[in-house]
Amino acid sequence: MFRTLHLRELFQIVLALVLFSSTAFTQETSPAESSAPSHWAFQPLTRPLVPQMSDSSWAQNPIDAFIFNKLQEQGLSPAPDTNPATLIRRAHYAVTGLPPSPEAVQAFVAEYSEERYEALIDELLASPHYGEQWGRHWLDLVRYAETNGYERDSMKPHIWRYRDYVINSFNQDKPYNDFVQEQLAGDELENAGPEQLIATGYYRLGLWDDEPADPMQGKFDDLDDIVSTTANVFLGLSIGCARCHDHKIEPIPQDDYYSFLAFFHNIQGFTRGKDMARSILPSDQEKERKDQISKNRKAINDLNEKLQGLEQVFLVRYREDHSTFGQDLAPSDMTEMHYRFYRDSFDVLPDFDMLRHENEGDLPHGFFDISVRTRNTHYGFVFEAMLTVPEAGEYTFYLDSDDGTRLRLDGDEIILHDGVHGLNNEQKTTLQLVAGTFPIRLDYFQKTSGLGLKVAWSGPGFERRPLSFDMPELDIPKLVQEHGAEYLSEKELKQRAFYQKRLQDRKNFQVPGEFALAVEEFGAEAPPTHLLTRGNPHAPGKEVPPAFPTALGGHVPDLPVPDIKSTTTGRRKVLADWLTRPDNQLTARVLMNRIWQYNFGRGIVRSANDFGVGGMAPTHPELLNWLAADFVEGGWTLKRMQKMLLLSRTFRMASDRHDANYAKDPDNNFFWHFDMRRLTAEELRDSILAANGSINLKLGGESVYPPMPKEILATSSQPENAWGKSPVEDHTRRTIYTHVKRSLLAPLLTDFDLADTDSSCPVRFSTVQPTQALNLMNSEFLNKQAVALGNRVREESPDDMDAQLTRAIALCSQRQPRANELEQAHQFIEDMKRDFGHNDQTAIDRFCLLALNLNEFIFLD
Amino acid sequence: MKHNKPVNSFCGQVDRRDFLRTTGGGFTSLALSGMLGTDGFPGNQAFAADGMSTFKNPLAPKVVHMPAKAKSCIFLFMYGGPSHVDTFDHKPRLYDLDGKTIQVKTHGRGGHKNEGRIVGPKWSFKQYGESGAQVSELFPHLATCVDDMAFIKSMTADSPIHGSAMLMMNSGRILSGAPSMGSWLNYGLGTANENLPGYVVMLDKTGGPISGAKNWSSGFMPASYQATVFRPKGDPIMNLKPYGDMSSKEQYRMIQHLNHFNGRHLADHVGNSDLAARIASYELAFKMQSEAPEAVDVDSEPEHIKRLYGLDQERTEDFGRKCIMARRLVERGVRFIQVYSGGHHNDNNWDAHADLKTNHDYHAGNTDKPIAGLLKDLKQRGLLDETIVIWGGEFGRQPTAEYAEGTGRDHNSKGFTMWMAGGGIKGGVSVGETDELGSEAVVDPFHVRNLHATVLQQMGMDPNNLSYFYNGLDQKLVGVEGAEPIHQIIA
């Protein structure tokens with residue numbers, strides 16, 4: 001049977017070749033017209049009959065019937081059921097990505113029955129960790145990352161909400177058709193709420209070059225990323241290949257590419273300096289929120305004005321008595337000082353240009369001045385002004401701050417003093433400058449305790465002069481506080497106190513907002529979409545309408561006519577509706593194949609993102625069709641299908657090799673046994689933390705920063721500024737919550753084949769390399785975790801070496817060690833003590849390191 | 001495996017199940033590959049990435065497309081973009097125009113401009129060697145090697161912005177996600193030394209270039225093909241040595257015990273090649289612990305060699321050390337070594353926007369003697385014949401100033417100079433020309449893809465035939481449309 005399939009594949013490829021060679025030069029006929037109907041994946045989805053079996057004792061459910069039928073045809077026999085201990089471990093990892101506890105295994109083995117297994121599956125599917133494991137699979141597909149890549153690799157603010165949306169969707173068993181609709185068109189759905197807006201963060205996950213050499217090309221590169229990913233993920237089609245010409249393998253003409261792109265053409269791409277975050281409050285609440293903010297802001301400005309007026313009155317009188325005062329209040333060397341104020345908690349300077357500011361204004365005095373803040377903690381400033389350099393020569397800039405600052409002159413960073421720190425660590429830099437007026441910019445943030453900003457400069461012919469407004473003698477409010485009674489009337493003082501009180505109230509007034517990185521369009525009308533000759537955005541060809549791929553029927557849909565005031569065209573909803581129609585040939589097939597793949601290690605179609613002519617043929621087409629049809633008929637819910645797969649006999653087979661079967665089907669094309677698999681990078685790290693008990697199973701929230709090895713930081717162009725800090729308890733959160741920075745990835749994860757985030761990752765690599773061994777034996781992380789495991793077993797069984805070793809093995813393999821294994825472990829301890837002079841504690845720690853390196857720990861049976 | 005030859009032609013599709021997508025090369029042992037490649041009982045991960053690449057693991061040396069002239073390549077990456085008109089591309093007219101504002105179209109960081117103030121070159125040029133090549137005062141030592149060098153004075157790239165231009169020079173595309181040249185070489189050629197990585201990167205002491213590891217990433221290929229970062233001092237590779245106070249002997253004992261456990265586990269899983277490979281990988285890792293430090297033991301070099309590379313002078317010590325390391329790695333079969341001059345931001349690299357003189361004096365002074373030492377040392381050992389050396393940045397610089405005053409130059413990707421030496425590249429030649437201002441390549445322009453094609457060809461691979469199937473396309477380093485090597489400089 002496999003041979004037949006293989007030949008069929010070859011036939012399809014040859015067919016494509018012939019078609020290509022006949023069209024390559026003329027491009028008059030599309031390959032789609034002739035070959036599309038024949039390809040299996042483009043056929044309408046029909047529900048095959050479940051095969052009748054001569055011996056039905058093996059099968060648990062219809063899945064098994066399909067599998068068993070094929071095995072019989074091939075003269076293969078299914079492997080026996082695996083033992084209960086292996087089964088529970090397999091099921092735990094498949095559903096949650098976490099190991100069971102040794103106690104759970106023991107209990108399961110003792111009570112093992114059909115009903116007990118079903119209860120286990122129900123329990124696992126109800127666990128919130130199900131969403132974390134399966135959400136991770138989805139994040140691979142949509143190339144989830146939290147930065148934009150390229151030179152600045154700047155943050156994608158709030159994007160973690162999309163990650164949590166995905167996790168929650170799996171946990172809620174959200175029907176897949178809704179899941180698709182929300183991600184592609186959540187904002188265009190009726191009654192779209194915060195959840196639906198967050199879902200459209202899907203469009204914000206990709207790479208973004210904020211400084212493209214050719215902005216037009218950059219725009220279409222960004223759209224291409226969306227087109228390619230969407231086609232890969234939801235349709236299993238490589239439409240992206242038809243950007244420059246008709247697809248060379250698939251029946252996808254170039255028109256199809258641009259017709260598909262037309263659905264997305266009106267999306268606002270990332271823009272430098274523009275805050276892409278979008279409020280996710282319902283619109284009435286959002287309007288009220290905005291009104292309140294502007295009302296409050298106006299009140300603050302009015303009060304400030306009144307207070308400043310009083311201060312001026314004070315100053316005039318004060319100066320009469322203090323003629324020298326203000327001499328060092330020389331006019332600022334800067335003009336056009338403008339500030340933006342941000343309200344958020346930072347550990348390092350963010351890319352403020354990507355964030356939404358709370359407030360902004362001008363500072364006529366021309367100094368950097370953080371006194372205009374509206375709070376004393378958790379805020380940031382961007383000051384921008386023009387600095388006049390009087391003559392060419394050498395200038396020195398001085399900067400001291402609590403907390404982080406960055407000073408830029410004429411676009412170049414000249415001092416970076418980032419991170420959370422106190423004052424009295426002045427940074428300076430000396431530069432050769434030419435005369436002229438240059439843009440100067442200061443970014444500043446303040447987290448908690450302490451604050452301060454001192455900026456100054458010196459140059460030819462002048463000593464150090466302040467650029468910031470922070471010296472105590474210039475602190476006018478303070479002067480007024482101290483000497484107000486001498487120079488202001490009682491009435492004025494009362495007024496001042498009144499204004500101050502009201503100002504404080506206004507400043508304390510908080511208007512809660514919720515933001516997400518979500519899609520936005522330019523408005524109700526989409527720009528025309530043209531086919532781009534050879535993919536060149538400067539060479540537009542004919543105009544094409546939004547249309548579905550010809551190979552799948554290819555009709556031009558009726559587009560809604562949105563209200564002129566509408567914020568979107570409604571086109572994405574049209575696409576999402578088509579994708580989730582019960583008769584869409586690919587959506588359900590592609591998804592069911594993925595569900596199969598993540599449970600069984602490989603898809604029924606191995607090329608999970610490529611169901612086209614050039615992809616791999618399904619090993620069990622009828623089974624895939626049946627699953628897809630049943631899935632759609634059952635309302636697109638996943639947990640029901642998951643349960644069916646997990647309860648199948650096929651899932652319960654042992655991984656043992658069987659010589660006769662192996663000789664016939666070495667690649668296990670027919671699923672005659674269960675394939676062993678290595679843990680993924682995330683599963684491995686989570687399992688290490690689970691073994692020593694340090695894992696923090698808190699769900700959701702902003703991403704965290706476990707410590708990054710300094711060797712990795714050194715590869716960044718800004719090593720001192722490359723990675724954030726999180727509280728210690730967050731260091732042991734599940735790996736899915738680790739911040740995903742495209743240019744800086746943890747070696748433990750990359751060594752174990754973390755998904756590449758530059759494009760959709762349908763199947764993880766699973767390599768075996770010596771660097772993995774080096775990491776697991778020698779890295780600081782592993783050695784520290786091994787000690788933590790040592791501490792755990794010591795605490796649980798003080799002074800009982802035998803119990804400690806037994807427990808260490810059990811925590812890593814979830815089973816009790818056999819006698820000869822325990823003997824080997826004792827032998828190891830003896831060696832460590834005798835030959836290397838270790839005490840019991842170090843010897844156990846060493847054994848724990850060994851245990852975390854076991855094949856049995858890293859491979860699943 | 002029937003063939004190891006990576007094939008690409010479209011018609012090759014028919015065969016791709018067998019070999020096109022077979023991953024190869026990388027960083028592990030022949031012993032390992034022997035175990036993995038043949039009788040495998042492949043686990044469920046027999047297919048990966050696109051779901052098509054078989055995992056009959058990597059790593060045996062591959063059959064090359066044609067006889068190779070070169071075995072290794074050292075890419076000396078002048079990050080930030082050195083100015084060609086101040087180094088190797090002599091433009092006499094520029095001196096007279098100094099300070100004059102003239103009509104000239106430029107595209108740099110500052111966008112598209114139609115006129116600019118010319119900055120006269122800050123150094124004088126002289127002719128050197130039998131070839132009479134023009135070299136500026138910046139490189140007195142390199143000037144003595146010109147008869148071994150081939151200058152390409154008409155290089156072009158697609159972007160004048162650091163981030164995308166770096167990706168292009170390293171991976172052939174301005175977009176992130178493609179494998180870098182070193183990954184392609186290891187994919188195409190396999191390993192020549194099981195105990196060392198086939199692709200090594202050494203970074204500047206001030207930090208990596210912008211985009212960091214993306215510059216030496218394996219993109220859509222497995223991580224086995226990405227570069228390993230070597231450090232010039234201390235442990236050369238991360239996690240190479242046992243942690244804390246564990247001795248090597250103790251670790252070996254630990255591995256022996258681990259093997260006992262894993263061996264017992266394997267006995268229950270007869271024939272599982274992944275498990276067997278993992279056992280073998282520990283032995284290999286252990287061997288690397290002794291081999292890698294030896295490979296980079298620069299201190300064991302004789303004094304006259306150290307002096308040749310400038311290790312006796314403070315400012316050349318750092319780069320000189322990396323150049324010696326590069327030579328030692330070449331001797332040990334490492335395929336591709338990239339050494340960065342410059343890191344971090346602003347004037348920590350060749351990105352001279354403000355004061356060209358200070359910037360280029362500094363970076364050239366740090367690297368001139370070490371690079372000349374490397375060329376001479378390779379030559380005296382007979383290694384230059386089989387080692388390609390490449391010098392250049394991600395682009396060059398404009399003849400015009402970027403700001404109203406000062407000597408800084410903006411970026412220029414429309415015309416710049418790189419040079420190659422060794423590995424079957426002709427010495428004492430120069431191809432291509434920029435216009436009289438050095439603003440644009442006008443005679444025989446070459447693209448970064450031509451440079452990449454030249455390297456692949458010299459190392460025995462057909463650049464238009466080396467492909468990796470990914471996302472519906474036969475991906476190539478030289479792009480789907482292909483590129484010719486620079487025939488004029490090939491001996």
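Here are legends for a handful of close-up views of this predicted model.

**View 1. Chain B as a whole.**
Start with the big picture for chain B: there are 11 helices and 21 strands to find your way around. Of its 491 residues, 65% are buried. If you look at contacts between residues at least 6 apart in sequence, 75% of those in chain B join residues at least 24 apart.

**View 2. An open sheet of 6 strands in chain A.**
Walking across the sheet, the chain A strands come in the order β3-β2-β4-β9-β6-β7, and the pairing is antiparallel. The edges are β3 (359-362) and β7 (412-417) of chain A, each of which pairs on one side only. On average, neighbouring strands here are turned by 15° against each other, ignoring direction.

**View 3. Zooming in on β6 and β7 of chain A.**
Strand β6 of chain A covers residues 405-409 and pairs with β7(A) in the antiparallel sense, over 5 bridges.

**View 4. A cis peptide bond in chain A.**
The bond that joins A:Asp402 and A:Asp403 is cis, with omega at about 10°. A:Asp403 sits in the loop between β5 (393-402) and β6 of chain A.

**View 5. A helix from chain A against a helix from chain B.**
Helix α25 of chain A (residues 770-778) packs on helix α7 of chain B (residues 273-295), with the axes 8 Å apart and at an angle of about 80°. That angle is why α25(A) counts as roughly perpendicular to α7(B). On the α25(A) side, the contact is made by A:Pro770, A:Gln772, A:Ala773 and A:Leu774. From α7(B) come B:Ser281, B:Tyr282, B:Leu284, B:Ala285 and B:Met288. Sorted by class, that contact has 7 nonpolar residues, 2 polar ones and no charged ones.

**View 6. A:His158, a loop residue with positive phi.**
A:His158 isn't a glycine, yet its phi is positive, near 65°. Look for A:His158 in the loop between α7 (128-141) and α8 (160-171) of chain A. Is A:His158 buried or exposed? It's buried, because 23 other C-beta atoms lie within 10 Å and the cut-off is 20 or more.

**View 7. B:His344, a histidine in a chain B loop.**
Here phi is near 55°, again a positive value in a residue other than glycine. B:His344 lies in the loop between β11 (336-341) and α10 (356-380) of chain B. With 23 C-beta neighbours inside 10 Å, B:His344 counts as buried too.

Conventions
Residues numbered from 1 in each chain as written. Chains lettered and ligands numbered in written order. Predicted model: local features only at pLDDT ≥ 70, side-chain atom pairs only at ≥ 80, totals over all residues. Helix = DSSP H or I, 4+ residues; strand = E, 2+ residues; numbered from the N terminus. Buried ≥ 20, exposed ≤ 12 C-beta atoms within 10 Å, placed from the backbone. Contact = placed C-beta atoms within 7 Å. Pairing = 2+ DSSP bridges. Axes fitted to C-alpha atoms, helices over the stretch in contact; angles between N-to-C directions. Parallel < 35°, antiparallel > 145°, perpendicular 65-115°, else oblique. Nonpolar A, V, L, I, M, F, W, Y, C, P; charged D, E, K, R; others polar.
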